[in-house]
Amino acid sequence: MSQGDTNFAAVPLAAEDLQGDDRWLSQHNRFVLDCKDKEPDVLFVGDSLVQLLQQYEIWRELFLPLHALNFGIGGDTTRHVLWRLQNGELENIRPKVIVLWVGTNNHENSADEVAGGVEAIIKLINTLQPQAKIIVMALLPRGEKPNPLREKNARVNQIIRSWLPRLPGVQLLDVDNGFVHSDGSISRHDMFDFLHLTAAGYAKVCRPLHELIMQLLEETPEEKLVTLA
């Protein structure tokens with residue numbers, strides 16, 4: 001690794017306000033307020049693939065009944081998510097399950113660096129929310145035809161899968177099934193811009209995700225109040 005062996009994908013960073021409207025920080029501040037007002041059993045954290053999910057009916061059908069919060073911001077990298085989680089988005093809540101979906105926007109990083117960024121987020125969650133089970137969503141293929149970013153995302157998933165055994169309470173959910181056709185293409189019916197999901201694309205992802213979340217919630221014992229006689 002270059003730059004004195006520092007993996008910059010694992011270094012927290014607030015997003016730069018390129019548009020000048022401070023939207024990123026405003027969204028972060030709203031999430032911090034949500035932590036003070038709500039008691040989620042399930043927390044979703046990540047980039048636009050998390051953020052856009054709440055615009056579809058499947059979010060209301062499958063995840064709202066689970067008292068889920070959505071802390072997704074479009075364009076986020078592992079660095080941005082790390083910064084957000086270090087700065088209030090894990091305070092005042094005790095979710096039982098945390099779904100993490102980030103990494104496809106880390107264009108400046110190698111696959112090893114992106115995986116290291118994801119691992120840094122997992123370690124932070126384990127420190128701040130030790131009771132939470134973590135689901136890491138595998139990075140999806142992207143682009144209509146085979147391309148280097150697809151190969152990098154697949155490599156990130158491979159690396160994460162290899163070190164999962166040393167991370168207790170963490171599972172990788174790979175829902176790549178059916179997105180890439182036999183000719184190597186991705187359909188706009190699944191990804192309208194060959195990156196972001198349509199309603200049909202989210203259905204392929206969310207139904208197995210919901211099944212895994214339900215399984216983890218059932219395995220999580222309810223906290224019991226201990227009364228002293």
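In this predicted model, helix 5 (residues 78-86) and helix 6 (residues 111-128) have axes that come within 9 Å and cross at roughly 10°. Angles under 35 degrees count as roughly parallel, so helix 5 ends up roughly parallel to helix 6. As for its handedness, the crossing of helix 5 and helix 6 is left-handed. On the helix 5 side, the residues that take part are T78, V81, L82, L85 and Q86. Their partners in helix 6 are V114, G117, V118, A120, I121, L124, I125 and L128. Sorted by class, the residues of this contact come out as 10 nonpolar and 3 polar, with no charged ones.

Helix 6 also packs against helix 7, with the axes 8 Å apart and an angle of about 50°. That angle makes helix 6 oblique to helix 7. This time the crossing is right-handed. From helix 6 come A111, D112, V114, A115, V118, E119 and I122, and they meet K152, R155, V156, I159, I160 and W163 in helix 7. The contact of helix 6 with helix 7 has 9 nonpolar residues, no polar ones and 4 charged ones.

Next come the empty spaces. Rolling a probe the size of a water molecule over the atoms shows where empty space is left. Searching the whole structure turns up 1 cavity of 30 Å³ or more, and the largest cavity has a volume of about 40 Å³. Its lining is made up of L100, W101, V102, V118, V136, M137, L139, N157 and I160. Strand 3 (97-101), strand 4 (133-137) and helix 7 (148-163) each put at least two residues into that lining. By class, the cavity lining holds 8 nonpolar residues and 1 polar residue, with no charged ones.

The largest pocket has a volume of about 580 Å³. It is lined by 24 residues, and the closest to its centre are A15, E16, G75, T77 and H80. Helix 2 (23-37) and helix 5 each provide at least two of the lining residues. Helix 2 gives the most, with 3 residues. The lining of the largest pocket divides into 6 nonpolar, 11 polar and 7 charged residues.

Methods. Residues numbered from 1 in each chain as written. Predicted model: local features only at pLDDT ≥ 70, side-chain atom pairs only at ≥ 80, totals over all residues. Heavy atoms only, no water. Axes fitted to C-alpha atoms, helices over the stretch in contact; angles between N-to-C directions. Helix = DSSP H or I, 4+ residues; strand = E, 2+ residues; numbered from the N terminus. Parallel < 35°, antiparallel > 145°, perpendicular 65-115°, else oblique. Left-handed = near helix turned anticlockwise from the far one by under 90°. Contact = heavy atoms within 4.5 Å. Nonpolar A, V, L, I, M, F, W, Y, C, P; charged D, E, K, R; others polar. 1 Å grid on protein atoms, 1.4 Å probe; cavity = no way out; pocket = protein on both sides within 12 Å on 5 of 7 lines; lining within 4 Å. Points joined across faces, edges and corners; volume = space filled by probe spheres on them.
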